[in-house]
Amino acid sequence: MIGVEKQLGLVRLVVGVWLLLWGACAGRFVVQKNSLKVTSPNSMKGAYECAIGNFGVPQYGGTLMGTVVYPRANQKACGDFDVSFKSKPGGLPVFVLADRGECYFTLKAWNAQNGGAAAILVADDRVEPLITMDVPEEEKADADYLEKITIPSALISKNLGDSIKKALSSDNMVNINLDWTEALPHPDERVEYEFWTNSNDECGPKCDSQIDFVKNFKGAAQILERKGYTQFTPHYITWFCPEAFLLSKQCKSQCINHGRYCAPDPEQDFSRGYDGKDVVVQNLRQACFFKVANESGKPWLWWDYVADFAIRCPMKEKKYTKECADQVIKSLGVDLKKIDECIGNPNAHEDNPVLKAEQEAQIGKGARGDVTILPTLVINNGQYRGKLDRTAVLKAICSGFRETTEPAICLSQEIETNECLENNGGCWQDTANISACRDTFRGRVCECPIVQGVKFVGDGYTHCEASGALRCEINNGGCWKDTQHGRTYSACIDGHTKGCECPPGFRGDGVHCEDVDECKEKVACQCPECKCKDVWGSYECSCSGGLLYMQEHDMCISKNTRTDYSWGFIWTIILGLAAAGVAGYAVYKYRIRRYMDSEIRAIMAQYMPLDNQGEIPSHTYPSRGNV
């Protein structure tokens with residue numbers, strides 16, 4: 001009997017190790033890195049690589065400048081610090097440099113954060129490729145403090161750590177810029193991301209954090225997905241049972257489809273509660289829900305289903321069942337029959353297309369490593385590192401958009417700082433507050449804007465000018481314009497696509513125009529009898545002695561002469577018209593008379609010979625008898 005128990009124990013151990021560690025041992029793990037730039041001292045200036053910690057909040061898409069402090073005591077940061085690392089007003093944030101070893105990476109970060117540090121740099125204690133600092137897996141790890149870590153963390157090489165320590169020991173200030181702007185790819189205006197998760201809610205703090213994340217991130221995820229800004233895909237990790245143990249009790253309780261798809265026992269106890277195969281089936285149901293919802297054009301319903309299932313069908317209340325899941329599905333209006341068809345028969349000795357595709361997707365491609373840890377978030381094929389928190393994840397997703405294509409949710413105050421609010425970001429701005437500063441998630445860009453269909457052109461920093469036919473409608477095209485004494489003058493000419501030109505009566509470059517004093521400069525009203533008076537935008541000219549001013553000739557003439565001349569001209573026109581009428585009438589009468597005469601002669605010629613016609617000869621025909 002003791003031998004049988006030992007054999008069962010061995011099977012349990014082998015299967016458990018295979019299911020939990022197969023991916024980590026055989027998979028390809030990719031370390032996510034960001035750039036670290038040393039800006040001083042000069043002897044260390046340059047860019048270095050560092051590995052992003054899988055906890056805390058990396059500033060995806062941003063940068064953080066700070067000065068490095070290496071504490072005299074507690075150099076491994078495994079205990080509380082007796083000194084404060086909080087920066088003084090106007091000073092640079094402090095980055096604590098700690099040595100690797102003796103305690104968890106997370107504890108080092110927690111102690112540095114409590115000491116007031118803005119970030120922690122952990123120097124490796126051996127020469128080796130960089131690794132990812134992860135959260136501890138042990139049950140005794142304090143989940144509360146893990147969730148409270150908010151400062152970014154990075155592992156640096158031993159060589160860089162030694163160089164920083166040497167510079168500090170020589171009383172040199174070491175300033176570092178942590179740069180996450182290129183930590184994730186950002187090729188275009190749409191972000192594609194994957195969330196590798198699990199329906200199991202009995203795996204402790206990690207399961208709790210996954211469920212909390214789904215509930216908190218659901219709103220933002222659905223906004224991004226509905227408007228086409230993102231393409232989201234959920235995934236589920238499964239393992240296969242080793243062939244030698246297919247008939248064992250452990251594999252039968254943890255696997256479906258004859259050992260092809262398995263999950264660990266939720267309670268790590270095969271004798272009670274739900275089995276691993278129950279988790280696999282519920283994972284499959286969630287994957288099929290997404291497939292059917294996506295085919296109906298509503299992939300965002302997955303977030304509602306997973307959140308509602310976690311609330312309504314928990315394992316603790318013995319509701320982790322198909323019946324409860326079906327009620328949630330029906331409440332969301334998704335086709336239950338199609339989901340059941342997608343799930344198929346878990347007891348069949350055949351592949352399930354959905355789970356088979358999930359296993360293939362676990363294998364890393366390109367820059368993404370194999371997925372072996374839950375939860376895992378992959379953004380634009382780059383693995384997210386850090387706290388599974390709504391704001392932190394949203395920042396990471398926003399960093400995946402090409403600059404200037406980010407949706408409005410990425411430019412909210414809780415996500416980023418609007419650099420255009422301070423000194424207009426150093427960009428061009430006109431008096432009507434039309435600005436070339438465009439806020440982006442990564443900072444700002446200076447580019448001439450388009451306002452009400454009118455495009456501004458220029459470098460965006462010192463100059464922007466309205467262009468196009470409608471440019472005068474927007475701030476008068478950037479040209480001069482003024483109104484005085486009820487008169488308005490403008491240097492913007494409608495129909496011209498660019499340029500400004502001062503109107504007549506003004507001089508200048510079109511952006512600034514000033515009145516011309518025509519009287520003082522003697523450009524008008526200069527005849528002997530003329531009296532000139534300058535007015536804004538023009539002039540007034542009068543004549544002495546009751547004379548009239550003719551502007552087109554710049555001369556004064558007599559009012560009477562002008563009147564006599566005008567009436568004489570009018571009488572000449574009248575007489576001319578009368579003569580023309582009489583002549584026309586005479587011609588008309590003559591032509592009518594000629595026409596009537598010719599008609600009468602033609603009629604009379606038909607009935608009697610006229611005097612000027614010769615006699616008409618007669619013809620005599622012989623009789624028949626004379627022939």
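In what order do the 3 strands of the open sheet with antiparallel pairing stand? The order is β16-β17-β18, and that sheet is one stop on this quick tour. You're looking at a predicted model, in which local features need pLDDT of at least 70, side-chain atom pairs count only at pLDDT 80 or more, and totals for chains, interfaces and linings use all residues. Residues are numbered from 1 along each chain as its sequence is written, and side-chain values use heavy atoms, with hydrogens and water left out.

**The whole chain**
- The protein chain has 13 helices and 26 strands; these are DSSP runs numbered from the N terminus, with helices being H or I of at least four residues and strands being E of at least two.
- Out of 627 residues, 43% count as buried (buried is under 20% relative accessible area, exposed is over 50%, partly exposed is in between, using a 1.4 Å probe and protein chains only).
- Take the contacts between residues at least 6 apart in sequence: 62% of them join residues at least 24 apart (a contact means heavy atoms within 4.5 Å).
- The chain's accessible surface is about 34,900 Å², and carbon and sulfur atoms account for 53% of it (areas come from the Shrake-Rupley method with a 1.4 Å probe; for residues, only the protein chains shown count as cover).

- β16 is joined to β17 (residues 454-458) by 2 bridges, and the two run antiparallel.
- Across that pairing, Ile-450 sits opposite Lys-455 in β17.

**The β9-β8-β12-β13 sheet**
- Here 4 strands make an open sheet in the order β9-β8-β12-β13, and the pairing is mixed.
- β9 (230-236) and β13 (382-383) take the edges with a single partner strand each, so one side of each is left without a neighbour in the sheet.
- Inside the sheet, β8 (residues 191-197) and β12 (residues 376-379) run antiparallel and are joined by 4 bridges.
- Tyr-193 faces Ile-379 in β12.
- Helix α8 (residues 301-312) lies across β8 and β9, at about 40 degrees to β9 (axes are lines fitted to C-alpha atoms, for helices over the stretch in contact, and angles run from 0 to 180 degrees between N-to-C directions).

**A nonpolar patch**
- Tyr-585, Tyr-588, Ile-592, Tyr-595 and Met-596 make up a nonpolar surface patch with about 570 Å² of accessible area together.
- To join such a patch, residues need over 30% relative accessible area and no salt bridge; nonpolar side chains (Val, Leu, Ile, Met, Phe, Trp, Tyr) are joined within 5 Å, and like charges within 9 Å.
- A salt bridge puts a side-chain nitrogen of Lys or Arg within 4 Å of a carboxyl oxygen of Asp or Glu.
- Ile-592 belongs to helix α13 (residues 559-604) and is partly exposed, with a relative accessible area of 38%.

- Most residues other than glycine have a negative phi, and most peptide bonds are trans.
- The bond from Ser-40 to Pro-41 is cis, with omega near 5 degrees, and Pro-41 is in the loop between β1 (33-40) and β2 (46-52).
- Asp-171 isn't a glycine, yet has a positive phi of about 65 degrees; this residue is in the loop between α4 (158-169) and β7 (175-179) and is exposed at 73% relative accessible area.
- Cys-525, not a glycine either, has a positive phi of about 55 degrees; this residue is in the loop between β22 (513-515) and β23 (530-535), but is buried at 4% relative accessible area.

Technical notes
Two strands pair if DSSP finds at least two bridges between them.
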